[in-house]
Amino acid sequence: MELRHLRYFQAVAREEHFGRAAQTIRVAQPALTRQVRDLEDELGVQLFERLPRGVRLSPAGRAFLEDTNALLEKLQRSVARAKSYATGHVGTVQIGFSEIASRHPEIPAKLLRFRLDEPKVELNLLPMSSRSQIDGLRNGTVDAAIVYDIHFSEEDLGALEHCELGVSDIVIALNEDHPLAQRPIRMRDLAEERFLFPARKPQPRYFDRLMQACLANGFSPNIVQETATDSILLSLVAVGMGVGFTQQTRQVPRQGVLLREVEDLDVSFRLHLVWRKSDPSPAVLRFISAMK
C-alpha cells in the first residue's frame, strides 16, 4: 500500500464516481479504477458498492475513510512542520547571554522582536560569562553568544564567526544624595571613594580595563565589595555602600541611583554576536540575521 492508493481512494469517496475523481486528481480513469481495486484486494474488503451511475462507500469503506482522512491530515501537518524546521520558523536556539548585554539599549528590543516574529522558535537565554559562552559554542551547548570585549584565540577564529552588535560606554553609578551627583566628574574626583567593582573571575578583561583606567589617573581604587552582576552593584549603590562603574543605558537604572559621565574616562566595550561556522541550524541563521 502506498500513499497514492489512499489519495485515490479519498478522491473516489469524495466524488462517488470514478470518472469525476479521475478528472479531479488528473489520473486516467482506468488506472484509478485499477489502483482502487488493488487496494481492496490488499485489504481483503470491498470499500465501495458499485452502482449503475457511480459508487458509494461500503460500511467498511466509511470506517477506512475516517482513518485515511486522519492519517493524511497528520501527514500534511508533518510535512508543514518539517518545512518550518528547514526554513528556521520552528526550532530551539540556545543563546549565551551576559547581564551587560541585557542592559544595552538595542539588544533586548531585538530579542523581543525575534520572539514576536518567530513565535514557534524556542529562544533560551543562558546567563554566563563571555569566556563560558565561547566554551559553550565550542562544545555545542550554546548555538550563539552575545559577548563583550572577548579575546578570540587563533583556534576560536578558526571555528567561529562573529559580528559587532554595538558599543557601550562606561559611566559611574552614584547614590542620588552623593556630593558628586550634581556636578561634572573627573577621574581624580573618585580617588577617595569606596568602590563596588565587578568581580574579576567571570569578566577579567572588564575588571582589568577599569583598574588600568584608575591606575592611569594616579589612584588604586578602594574596593569594598566585588559584585557578580550589575544588578547587585546598583542595589548596593542605592543603599549608599559605594560608587561603581557600570554601562550607560537609557533606562532608569534603579531608584536612588544616578548615572554620570566621567569626563576623562575613556572606557567602552564592544558587544559581539558569535556563532559556529559549522552546521548552524536554519533557526539559528534566522536569529543571527535578526540580531544583525
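Reply: A pocket here is an open set of grid points where a 1.4 Å probe fits, with protein on both sides within 12 Å along at least five of seven lines. Keep in mind that this is a predicted model. The second largest pocket comes out at about 160 Å³. Its lining is made up of Ser130, Arg131, Tyr148, Asp149, Ile150, His151, Pro202, Gln203, Pro204, Arg205 and Tyr206. Sorted by class, you get five nonpolar, three polar and three charged residues.

Gln203 also turns up in the lining of the largest pocket, among the residues nearest its centre. That pocket holds about 210 Å³ of space.

Tyr206 is buried, as is Phe269, and their rings make an edge-to-face pair, because the centres sit 6.1 Å apart and the planes meet at 70 degrees. Tyr206 belongs to helix 9 (residues 204–216) and Phe269 to strand 11 (residues 268–276), so this pair ties together parts 63 residues apart in sequence.

Tyr206 is also one of the residues that Thr246 touches, along with others including Arg103, Asp169 and Leu259. Thr246 sits in strand 9 (residues 244–247) and counts as buried because its relative accessibility is 0%. Its side chain makes a polar contact of 2.7 Å with that of Asp230, and Asp230 is on the list of residues Thr246 touches, too.

Note on methods
Residues numbered from 1 in each chain as written. Predicted model: local features only at pLDDT ≥ 70, side-chain atom pairs only at ≥ 80, totals over all residues. Heavy atoms only, no water. Helix = DSSP H or I, 4+ residues; strand = E, 2+ residues; numbered from the N terminus. Buried < 20%, exposed > 50% of the residue type's maximum accessible area, 1.4 Å probe, protein only. Polar contact = N/O pair within 3.5 Å; in protein donor to acceptor, adjacent residues only side chain to side chain. Contact = heavy atoms within 4.5 Å. Phe/Tyr/Trp six-rings, centres within 6.5 Å; stacked < 30°, edge-to-face > 60°. 1 Å grid on protein atoms, 1.4 Å probe; cavity = no way out; pocket = protein on both sides within 12 Å on 5 of 7 lines; lining within 4 Å. Points joined across faces, edges and corners; volume = space filled by probe spheres on them. Nonpolar A, V, L, I, M, F, W, Y, C, P; charged D, E, K, R; others polar. Lists of a residue's contacts leave out its neighbours within four places in sequence.
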